[in-house]
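Biologist: I would like to learn how to read backbone angles and strand pairing in a model. Could we go through one together?

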Amino acid sequence: MTTPTEPPSTARPEWELAEGKPATMLVPRFDTITDACAWLASVESELRSALHEHGAVYLRGLPLTGVEDFARVRDVLLPRRTPYREKATPRSSFGNDVYSSTDLPPAQAIRMHNENSYTLTFPGLLMFACLTAPEEGGATPVADVREVLRRVPAELVARMRAMGWVLKRHYSEHISVSWQNAFATERHSDVEKYCADNLIGWEWSDDGDLKTSQLRPGIIRHPETGAEVWFNHLAFWSSWSLDEELRETLVDEFGADGLPFETGFGDDLPFTRQELDSINAAYEAATVRRAWQVGDLMLVDNILTSHGRDPFRGDRKIVVAMGDPVELIDCLPTVAPAGRTEQTA
């Protein structure tokens, strides 16, 4: 006598927990995305609990075949969308608030970061999915930034807790993202209003480029769990993160003040390559990854978890959506955000 098989619509998810890999939910087999979405709605509370525990959750086995399927899943799991502000890297828009994860060259690794950590409102959740798996490499590694905070050297944590971090950006179509693209406008007045409203110092150069500077907290608390986290782009946007030859070339041509970006602690003391290395070591020790397969989806709690990208070969199409907007003020920042000028930066 055989036991009847539980129908997929009522089946409880199975979990795979393995060292070095993100927590993975094994999805029952569904023939249509409609059935899969109904099931996802039924297990949403379990997914949310798993995100609070693990920071990121892979889902393997969904019948995702294109952007429209991804958008339908997004509308179930991330019904409150978050716009993409102060754009940092080139992305393609597929419409309906679905984007490519990045359009940077395949050989370029993307360092760990929390999405929009430099904005006053940022996505609480990110959703990635694989529509075309790369031939080699190309994972989206994630790191628990609760663990990163524990591993960053104590003296750097103390500086961040007391002073926060400063981000300087130089928007130029020649060496970075243009201000028109980053702020989605052609008008100086729109940029100036955005900067004033979002506590960002700004300056227009004689050649029409835009320079901005902002002070942000780098240690915050999760508004639901209360967990304290390392939440910033300090290492990501440090000029020390550039290829050494490229950095020297840019400094020679544009000067130290003409780089596309630069970071430092809010105390204005120099940020050294050795300090960068120690922070990256903390990220690396907390990093897990799983090779993408077509149909894979990953949910990332953007406050508890940083993410990056491994270099890859072959075609790769990873799409992303952002949702559950969070206000920085609700995260008990240790430093108040502020705009900076060249005189105070």
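**Reading phi and a sheet**

Modeller: Keep in mind that this model is predicted. At 44% relative accessibility, Asp268 counts as partly exposed, because that class lies between the 20% and 50% cut-offs.

Biologist: What is the phi of Asp268?

Modeller: First the general idea: most residues other than glycine have a negative phi. Asp268 has a positive value, near 65 degrees, and is not a glycine. Asp268 sits in the loop that runs between strand 14 (261-265) and helix 9 (273-286).

Biologist: Which phi does Asp97 have, and where is Asp97 found?

Modeller: Asp97 has a positive phi of about 60 degrees, although this residue is not a glycine. Its place is the loop between helix 3 (67-77) and strand 4 (99-100). With a relative accessible area of 34%, Asp97 is partly exposed.

Biologist: How many bridges join strand 8 to strand 17?

Modeller: Three bridges link strand 8 (residues 142-144) with strand 17 (residues 305-309), and the two run antiparallel.

Biologist: Which residue in strand 17 stands opposite Asp144?

Modeller: Thr305 is the residue of strand 17 that Asp144 faces.

Conventions:
Residues numbered from 1 in each chain as written. Predicted model: local features only at pLDDT ≥ 70, side-chain atom pairs only at ≥ 80, totals over all residues. Heavy atoms only, no water. Helix = DSSP H or I, 4+ residues; strand = E, 2+ residues; numbered from the N terminus. Buried < 20%, exposed > 50% of the residue type's maximum accessible area, 1.4 Å probe, protein only. Pairing = 2+ DSSP bridges.
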